[in-house]
Amino acid sequence: MKNWLVALLLSLAGPELVAAAEENVIPHRQDQPPNQPYTAQEALSRFTVPHGFRVELVASEPDIVNPVAMTFDDRGRIWITESVEYPRKSAGPGRDRVKILEDLDGDGRAERVTVFADGLNIPTGVALGYGGVWLLNAPDLLFLREKDGQELSREVVLTGFGRTDTHELPNSITWGPDGWLYGLNGVFNHSSVVSKNGKRYDFTCAMWRVHPRTREFQIFAEGTSNPYGLGWDPEGSAIVEACHWANDHLFHFVETGYYQRQAGPYPPFTIKIGSITDHGHQKTAYCGLAFLDTDAFPAQYRGRVAVGNIHGGCVNVDRLERDGASYRAKAEPDLLTANDAWFMPVSLKIGPDGSLYVLDWYDRYHCSQDAARDPGGVDRLKGRLYRVRYGDTPRAPKFDLEGETDDQLIARLGSGNIFFRKSAQRLLTERLGDMTGNLRDMLEKLVVDKDTSRKGRLHALWTLIGSGSLPPAFHQRLLAHEDATFRAWAIRAAANFRTVAPEIRERVVMLARDPSPDVQLQVAIASPKVEGCDALPVLVDVLANCGHDKLIPSIVWPNLHPLLETGGARFAELALKDPPIQTHPRSGAHAQPLPPALVTLIPHIIDRILSAHSPNAQAAARLLDRTLRRAPERATECLAAFSAKIDGFDKTQLTDVKLHLRPVLDEVLDDDPPTAFLLSAQLLAARLGVASIDTANVRQKFLSATESETTRLQALDALIAFRDQELPGSLPAVFASASPDLTRRVLAAIGRFDQPALADVILAQYPKLAPELQPLAIHLLMQREPWARKLLNAVLDNKLPKSVLDANHLRKILESNDREALWVVEKAFGKIREDRNPEREKVVAEMTDFLRNNSGDPFVGERVFRNLCAQCHTIHGRGGNVGPDLTGNGRGSFDQLVSSVFDPSLVVGPGYQTVTVVTTDGRNLTGLAIEDSPQRVVLRMAGEGEEAVPRNQIKYTRVSKLSMMPEGMEVLDKKDLADLFAFLSLDKPPSDPTARSIPGAPAVNALARERFGAPAKD
């Protein structure tokens, strides 16, 4: 019927809109070449859903193409953003649009499609309210004033969102329960937004918000990878879905929280918060999230979380269970399976009829890697919108919420359909503003009306909070409410308002001792925000009362640690104010233990106090002393916090530390019987020079195979600090008997020991080390110029093969002060490049041809991986965490894998840029920066070693344009390479009988398949 429209679109589009993908190419993260695209009706017929459900088509091409985001308006019309510009990185006007879809005859199909706005460039989010359309169009958040479906004006509300990665643009804007507009941003999309109050926010992966009236912008929480789905549970908690990790797709985002990042450095002193999931679904690309908060679905589905799984071609379902102040997500059966490789659910919404609406981009390419490689292959002609409907759920009748009375909208706050509750709340909030008349009175009465549904009362409360103020008497009543969720939201309202009556502030402070973890959590967040609130004692109170809650300490921490810069002494006074113990100081008899949350944080607290511009040694020593008495299980960590800071103290500071630590350490050293942490205390005392220690005895502990590895490493740290001249000679005996893990840790630590003889020992031991440890020995020798010169000489004298030195090592030598070494390197190795070598493309082509024609043994390749790659990379749960986890990264296809290995600097993500730190004592450290703060730089280096370098010990830092992974892998033994790629080309370990080849990979070695049962490529 609409073929003429397709022909017209093709004729007007130009060649850039015509899909041009190569046939039989296996896209990133897919298992085989995708099927041919289905028509919308054909695709519909292939869907499978649980019994009682069906899928209906609402709209498809040519009415919608490349749809990205959607929302419903107050009349039930559907607003959709389209992007034919994706993956364009440049900002400025484009060909993208916002469309309005209307069902005129009530049959469930959209008969009228109109263009509301055009000239856009990858619009990734749309929301309606306050007389217009809020639209994400990076770098801007726009407000398009609207009347009767016509754009009247266009305002830039905010600007500064990045376009460095158009796969991770700001997205998912949605109204929060508190009336703010919330959105997300991805880890590789660098943004810098200035709020209307003048404050600048520089961020990547984050959840942010903007106030619709004041236009104030704030960062709500940070972390994850590419978050692309945001919903609010019935209690008003934010659940965010992120695309990257296999078992970490859902996060409970809490204000001020910092969640684990896919890449890039963390702020100083960060304690990372993990996901709420312990399971995965089909594959790891999630997009779009909706709570199934609808009475149109059966009871067993209500309140579940639905997430779009792009690579899996499904709509997955998770169930949330309470876990203290947070949740655990449990897997439920899928709601929809497309059985179509082109299906790409990008947005999920509950509609006016209570059904789940699924927006489908519909393309063969799911990932930015393919779109960037072949933008012409992105399909610009398709897009679908489906409805997942249960039984004969009736169509939504005609309605116009904006035209309804206050009483009608208030009645809708108790609807069984989240669409009507949220829409009514927003409209009432807009009407309410700062009014104090009848509407406010009606809403206040509803909030406290026990005969009304709880959901309706909560939405009435959120409506009032969104107005910007609460009458003090009513606010007080909420803070004393019998329902903990109402109390928690009353506290959150005070935090949002910032300025509240003194009696409200005092009540918030008192609720630090509330029995509800939800209430305690909000008190921790509110205490630094509410004007006039003395946050430090409130946070101490929360820690004292939250028990073993897993989340609360991690939220207290970002609100607490800035106060410790100057408030260490006061914190110690508040936290340790209980009566003194009358029993033996170390026995613990009748001693009241420290609060569990304080015990969790106390090593971090000591570290933070000692990291202050003016460290308070007395406060830190008091905290250590109480920990030794009341929480001996954390004693070693707390003592280590002191040891880690010693080298960064100046003379005055060190004197102060000695003064206050000596009495504490003397008491431990005199204990009879000895404590479990005696050795740690002895070593710290010796390093400070406040006690003597027999170095030979310490060395014996290091050498002893009967001591624990923890004790041996403590002894090693002490020997390094004591500059023990016999330490190098001890290493061969340790290497001969130690486990690979202990040897790895020794190699990571020994670089702090500046003695020329150490290089001779390492070079002599190199041939005896396990193959997987040899690269770490080379990294160690490259840390100091004299050692590096000895290594270079060993290579030039043919004592070691040239291959032990890669381009990154040689660049280090060229940057040194050894002019003779510089000349020798250029003579022996030729010109060393400072940027990517374009000739790598030729190498990639040659190695692709070789590997396709020389299949290897994946079982042998697993061993090769362990020897060559596991120092930096993890696969299938084993290996290092310096570079990306190869289980789900870099192996989307065989071609991508070969390119990543042999042309590693072709694409270097910002989170994986190599940083070199040169210290004042001559060390040259290279790794990934996981912290870059005024106090220190923390590098994650090969072999999982982490090195924290105080700022006052840094001579300079440099960021490389090149990957930490060196070029030149092709010079390795060809059989090893064939075996390695046979291993890397399987999606699971070769011992797993269900392992399959990644897309485009050649079949595994036939002999290996016969011997071990490894499968061939399908």
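**Figure 1. Secondary-structure elements around the largest cavity of the predicted model.** Strand 2 (67-72), strand 6 (125-129), strand 10 (171-175), strand 16 (226-232), strand 20 (286-291) and strand 24 (345-350), together with helix 5 (418-432) and helix 7 (454-466), each supply at least two residues of the lining of the largest cavity in this predicted model. Helix 5 makes the greatest contribution to that lining, with eight residues.

**Figure 2. The largest cavity and the residues closest to its centre.** The search of the whole structure finds five cavities of 30 Å³ or more, and the largest cavity has a volume of about 890 Å³. The lining of the largest cavity comprises 47 residues, among which Thr174, Trp175, Trp232, Lys349 and Lys422 are the closest to its centre. Divided by class, this lining has 25 nonpolar residues, 15 polar residues and seven charged residues.

**Figure 3. The second largest cavity and its lining.** The second largest cavity holds about 370 Å³ of space, and 24 residues line this cavity, with Tyr86, His167, Tyr228, Met344 and Val346 lying nearest its centre. By class, the lining of the second largest cavity has 16 nonpolar residues, seven polar residues and one charged residue.

**Figure 4. Strand 16 and strand 20 at the two cavities.** Strand 16 and strand 20 each supply at least two residues of the lining of the second largest cavity, and strand 16 (226-232) and strand 20 (286-291) likewise each supply at least two residues of the lining of the largest cavity.

Key:
Residues are numbered from 1 along each chain as its sequence is written. This is a predicted model: local features need pLDDT of at least 70, side-chain atom pairs count only at pLDDT 80 or more; totals for chains, interfaces and linings use all residues. Side-chain values use heavy atoms; hydrogens and water are left out. On a 1 Å grid over the protein atoms alone, a cavity is a set of points where a 1.4 Å probe fits but cannot get out, and a pocket is an open set with protein on both sides within 12 Å along at least five of seven lines; lining residues have an atom within 4 Å of a point. Grid points are joined across faces, edges and corners, and a volume is the space filled by probe spheres set on the points. Helices (H or I, at least four residues) and strands (E, at least two) are DSSP runs, numbered from the N terminus. Ala, Val, Leu, Ile, Met, Phe, Trp, Tyr, Cys and Pro count as nonpolar, Asp, Glu, Lys and Arg as charged, and the others, Gly among them, as polar.
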